[in-house]
Amino acid sequence: MTEENVRQILGIVGDKLPEEKVMILKSKLASASDDKVDEIICTPLHNPTHILLFSIFLGGLGIDRFMIGDTGLGVGKLLLGWATCGLWPLIDIFISYKKAKEKNFNKIMTLL
């Protein structure tokens, strides 16, 4: 893949990925074929900022986990989040943000 295509992809999806794994993706993109550019750009990714906001405001209902795709944890958080006196939803604000970025990275890596 050309350097211009790699920069274009990283410019579009770079903020939705874990910062420590951007270099891994960059090296993987450099060895990928050019026909993957459109496929990667058009892939729907989770917006970590949206996940963070949903986690802050609706995290007690497990909405953030449902959005990420962790249905089991979403149901568990919905049913048992109150039993932890609000501790689980509070801690999960930070975890779900990182989890969204991690899932985006894994989705792109499976495309490559």
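Me: What covers the buried residues of α6?
Reply: The cover includes α5 and α7. The model is predicted: local features need pLDDT of at least 70, side-chain atom pairs count only at pLDDT 80 or more, and totals for chains, interfaces and linings use all residues. Residues are numbered from 1 along each chain, and side-chain values use heavy atoms, without hydrogens and water.

Me: Which residues of helix α6 are buried, and what puts them on the same side?
Reply: In α6 (residues 71-80; helices are DSSP runs of H or I, at least four residues), G74, G76 and K77 are buried. They cover an arc of only 165 degrees around the axis (by directions from the axis to the C-beta atoms), and therefore lie on the same side of α6. The face turned away from that buried side carries the exposed residues G72 and L79.

Me: Why does G62 count as buried?
Reply: Buried means under 20% relative accessible area, exposed over 50%, partly exposed in between (1.4 Å probe, protein chains only). G62 has 0% relative accessibility, so G62 counts as buried. G62 sits in the loop between α4 and α5 (63-68). Leaving aside neighbours within four places in sequence, G62 is in contact (heavy atoms within 4.5 Å) with G74 and K77.

Methods: Helix = DSSP H or I, 4+ residues; strand = E, 2+ residues; numbered from the N terminus.
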